[in-house]
Amino acid sequence: AKGSVVTTPINSEDEAYDAPVSIGTPAQPFNLDFDTGSSDLWVFSSLTPSNERNGQNIYTASRSSTAKQLSGESWKISYGDGSSSSGLVYSDVVTIGGLTAAGQAVEAASRVSQSFTSESATDGLVGLAFSSINTVSPDQQTTFFDTVKPSLASPVFTADLKHQAPGTYNFGFIDKSAFTGSITYTPVDNSQGFWGFTSTGFQVGNNDFQQESITGIADTGTTLLLLPDDVVNAYYSSVNNAQNDQSAGGFTVPCDTSLPDFSFGVGNNGAMITIPGSLMNLGPSGSGNSCFGGLQSSGTIGTNIFGDVALKAAFVVFDSGSQGQPQLGWASK
Ligand SMILES: O=C(Cc1ccccc1)Nn1cnc2ccccc21
């Protein structure tokens with residue numbers, strides 16, 4: 001089987017990307033954030049207090065003839081940015097891009113934190129990291145990808161995010177028309193449950209390539225590209241009037257400045273993904289006439305994060321192991 005679903009930026013800053021998902025019988029429609037940085041499929045629900053909702057679609061299990069509560073099961077998740085949600089668990093039919101997962105764990109929120117409430121465009125998340133970090137307790141559940149994997153023509157999914165334009169998540173196949181050149185594969189360390197890999201280094205504009213092992217995760221659920229301070233300083237030191245403005249939350253640049261490209265190395269054959277300078281500006285920072293940089297410090301996080309700013313410059317293959325070992329494939333587009 002194969003699936004293909006269109007994913008769309010939720011706002012003019014490409015802050016996150018939603019895609020349509022149907023849950024239950026008859027189908028209840030949702031717009032969910034596909035997140036390769038977590039492994040819970042959760043939705044706003046009839047359990048979510050009305051003062052924590054803001055127009056989101058809600059899942060009502062009692063209206064689905066195929067919903068079954070997983071008794072005694074619950075979930076509770078917190079994300080790196082401090083946001084969180086928790087609730088109860090049902091199994092139900094979940095359809096994404098023509099692919100149907102019967103008996104998928106659907107995590108119904110009985111509470112959500114403020115940033116989820118205020119993001120009215122997003123009704124929840126589809127976790128696409130490894131099932132080893134799914135939070136359902138006492139019986140851990142599988143991600144949508146793991147649930148449908150046995151039925152897929154190939155145990156892969158791909159992410160093709162775009163700047164201010166619809167992109168695509170495909171399941172079970174690689175669309176050769178979606179990228180240029182060849183795909184460079186690199187091994188994945190999934191010991192922490194993420195799509196972890198090591199980039200071989202970086203390049204600012206047309207300067208020399210800087211060889212530096214940069215270990216991080218490919219995370220569609222994170223907006224920014226979060227890298228070590230030496231990389232971030234090398235980039236912004238090449239931008240006139242760039243400044244690290246704590247009141248803005250990081251590096252800002254003058255909004256009318258053309259920015260250098262930023263490239264990062266993948267694989268052991270010298271391949272690079274190049275983020276055009278235009279995509280390194282995320283728009284007004286909220287203070288002064290400065291704009292917020294798409295590259296920021298991973299500082300105290302403990303890992304580097306190749307978020308949407310990086311991923312939207314590439315066609316990315318999340319390969320769970322057609323060769324036994326999970327791997328990430330990177331291609332330009
Ligand atoms: O939380 C983060 C970014 C982050 C910030 C600081 C430390 C570590 C990571 N991304 N993310 C990934 N999936 C998410 C889902 C919801 C909210 C944020 C999400």
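Below is a short chat about the ligand site and the aromatic pairs in a predicted model.

Colleague: Where does the ligand sit?
Modeller: In the largest pocket.

Colleague: Which residues are around the ligand?
Modeller: Asp35, Tyr79, Gly80, Asp81, Ser83, Phe116, Leu125, Asp219, Gly221, Thr222, Ile301 and Ile305.

Colleague: How does that shell divide into nonpolar, polar and charged?
Modeller: Five of the residues are nonpolar, four are polar and three are charged.

Colleague: What is a nitrogen atom of the ligand 2.7 Å from?
Modeller: An N or O atom in the side chain of Asp35. For the side chain of Thr222, there is also a ligand nitrogen 2.7 Å from an N or O atom.

Colleague: And which polar backbone atom is 3.1 Å from an oxygen atom of the ligand?
Modeller: That one belongs to Gly80.

Colleague: How much of the ligand's accessible area does the protein cover?
Modeller: On its own the ligand has 430 Å² of accessible area, and the protein covers 80% of that.

Colleague: Changing topic. How many aromatic pairs does the structure hold?
Modeller: There are 23. One example is Phe30 with Tyr59, whose ring centres are 6.5 Å apart.

Colleague: Why is that pair edge-to-face?
Modeller: Because the ring planes of Phe30 and Tyr59 are at 65°, and planes over 60 degrees apart count as edge-to-face.

Colleague: Where do Phe30 and Tyr59 lie?
Modeller: Phe30 is in strand β3, residues 28-35. Tyr59 is in the loop between β4 (41-43) and β5 (68-78).

Colleague: So what does the pair tie together?
Modeller: Parts that are 29 residues apart in sequence, because Phe30 lies in the strand and Tyr59 in that loop.

Methods. Residues numbered from 1 in each chain as written. Predicted model: local features only at pLDDT ≥ 70, side-chain atom pairs only at ≥ 80, totals over all residues. Heavy atoms only, no water. Near = heavy atom within 4 Å. Polar contact = N/O pair within 3.5 Å; in protein donor to acceptor, adjacent residues only side chain to side chain. Areas by Shrake-Rupley, 256 points an atom, 1.4 Å probe, with all protein chains shown as cover. 1 Å grid on protein atoms, 1.4 Å probe; cavity = no way out; pocket = protein on both sides within 12 Å on 5 of 7 lines; lining within 4 Å. Sits in = over half its atoms within 2 Å of the grid points. Nonpolar A, V, L, I, M, F, W, Y, C, P; charged D, E, K, R; others polar. Phe/Tyr/Trp six-rings, centres within 6.5 Å; stacked < 30°, edge-to-face > 60°. Helix = DSSP H or I, 4+ residues; strand = E, 2+ residues; numbered from the N terminus.
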